[in-house]
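Dear colleague,

I am passing on the structure below for you to look over. My notes on what was found in it follow directly after.

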Amino acid sequence: MDKIRVVGGNRLVGRVEINGAKNAALPAMAASLLTADSVYLENVPYVRDTLTTQDLLREMGVEAEILEDGSATLKASDVASQEAPYELVKTMRAAILVLGPLMGRFKKASVSLPGGCAIGARPINLHIMGLERMGAKCDVTHGYVDAATSGLHGSYIMMDTVTVTGTENLMMAATLAEGETVLDNAACEPEITDLASMLRDMGAQIEGDGTRTIRIRGVKKLHGCRHRIIPDRIEAGTFAVASAITRGDVEVSNCNPRHLTAVLAQLSQTGAQISIGPDSFRIKGRDPISSKNVTTYPYPAFPTDMQAQYMALMTQGNDSALITETVFENRFMHALELIRMGADITVEGRQAMVKGRKILTGARVQASDLRASASLILAGLVAEGETWIDRIYHLDRGYYRIEEKLAQLGAQIERVP
Ligand code: EPU
């Protein structure tokens with residue numbers, strides 16, 4: 001298994017280009033199941049999770065091909081199986097995203113239950129509740145959700161927790177249901193708006209995406225489309241922290257700064273100097289780094305997917321910062337590894353108190369999930385000596401060649417087979 005070796009101490013300077021958003025590409029690929037026509041995607045990140053989705057779709061009979069330049073062609077004209085098997089779902093929870101489109105177009109689906117993971121229990125009760133409200137019968141047996149319907153119908157669906165993939169699944173299912181579906185307390189993440197705009201290009205009638213109430217009027221049939229995936233706001237945010245933590249000067253280009261409003265506001269409170277352009281921003285790290293509390297919430301607030309990276313930054317703060325995680329109940333595994341590098345962090349339930357002014361020292365650490373891996377790399381960039389990060393298959397799920405991009409900015413980092 002590959003490892004990442006980082007030697008801390010270098011200031012990052014230069015320009016980095018951001019890839020397409022993994023969390024927008026995954027639902028877009030699943031949406032290709034809604035039509036027999038060809039779907040062309042651009043800016044799909046060539047990372048483990050999109051390649052796993054390619055495998056899953058191929059197993060169902062979809063012609064699917066992603067290229068490293070970000071283009072993808074998908075054609076679901078000959079779907080032979082409506083099953084997402086355990087072997088694939090266990091490596092990528094987002095495989096649940098095929099449930100909605102399969103129900104919409106084929107009226108049946110069998111999808112392995114994702115189960116818990118390193119960041120929380122992550123149930124899918126709201127995906128199931130929504131489909132049942134639309135007329136599906138869902139049985140959970142032998143670790144699978146088996147769903148079937150004689151035809152989905154529109155419904156009013158109130159989700160008591162904001163769920164990103166839940167909103168995406170129900171929005172996709174509703175595009176081919178009879179009548180109008182209203183999704184209330186829907187997620188408003190940019191990835192939802194991106195999926196809605198792609199579905200509209202396929203002929204779907206959707207309004208209100210980007211707000212808490214989405215209305216979908218079902219149509220008989222969807223057609224093919226060409227769609228460009230939005231830039232990855234979490235990858236952009238990760239490089240922003242890399243600049244801040246190394247007191248660097250980095251231009252983060254090919255991104256959408258409007259999707260990063262809360263993240264950039266938080267980083268500027270810690271002292272970073274940020275100037276924003278239409279599709280890029282420049283961030284200069286400053287000394288001292290001010291310790292500032294943060295609480296994660298669904299979009300447009302500070303994202304849970306940036307919490308681990310922000311924690312690495314706060315280990316270098318001038319005081320103490322309280323980090324509160326409200327989205328997932330167990331997303332502090334990286335704290336334990338940061339402590340092994342010399343950080344002073346106390347975790348209690350959903351809160352972590354990070355005392356700053358700590359000199360981190362390189363160590364052998366293990367990544368527990370995708371964003372935790374990024375956090376350990378960021379800590380390694382400022383740690384004394386060598387940090388070796390193990391289990392980087394988590395990193396490869398969502399970051400495209402992150403070590404090469406960091407090396408180009410001046411970091412001493414390499415992948416060691
Ligand atoms: N939840 C329920 N019931 C449900 C669904 C969700 O209780 O039926 C709860 C979850 O347990 C969690 C909260 O709702 O406490 C929010 O979970 P959500 O469903 O929004 O998460 P997700 O859709 O599974 C997506 C991203 C995650 C990101 C979260 C939150 C994708 C493929 N994944 O997950 O991304 O953290 O939204 O923004 O879009 C990552 O990229 O590293 C990552 C984990």
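**Cores and overall build**

The largest nonpolar core has 74 residues, and those with the most contacts inside it are Val98, Met171 and Leu199; such a core is a set of buried Ala, Val, Leu, Ile, Met, Phe, Trp, Tyr and Cys residues joined through side-chain atoms within 4.5 Å, where buried means under 20% relative accessible area with a 1.4 Å probe, protein chains only. Helix α1 (residues 22-31) supplies the largest share of this core, 7 residues, helices being DSSP runs of H or I with at least four residues and strands runs of E with at least two, numbered from the N terminus. A second, separate core of 63 residues includes Leu260, Ile289, Ala321 and Ala335.

This is a predicted model, in which local features need pLDDT of at least 70 and side-chain atom pairs count only at pLDDT 80 or more, while totals for chains, interfaces and linings use all residues. Residues are numbered from 1 along each chain as its sequence is written, and side-chain values use heavy atoms, with hydrogens and water left out.

Leaving aside residues up to four places away in sequence, Val98 touches Ala30, Leu33, Leu56, Leu57, Met60, Ala84, Val111 and Asn169, a contact meaning heavy atoms within 4.5 Å. For the protein as a whole, 73% of the contacts between residues at least 6 apart in sequence join residues at least 24 apart, and 58% of its 417 residues count as buried. The protein has 14 helices and 24 strands, and its C-alpha atoms fill a box of roughly 60 × 40 × 40 Å, taken along the principal axes.

With best regards

How values were computed
Buried < 20%, exposed > 50% of the residue type's maximum accessible area, 1.4 Å probe, protein only.
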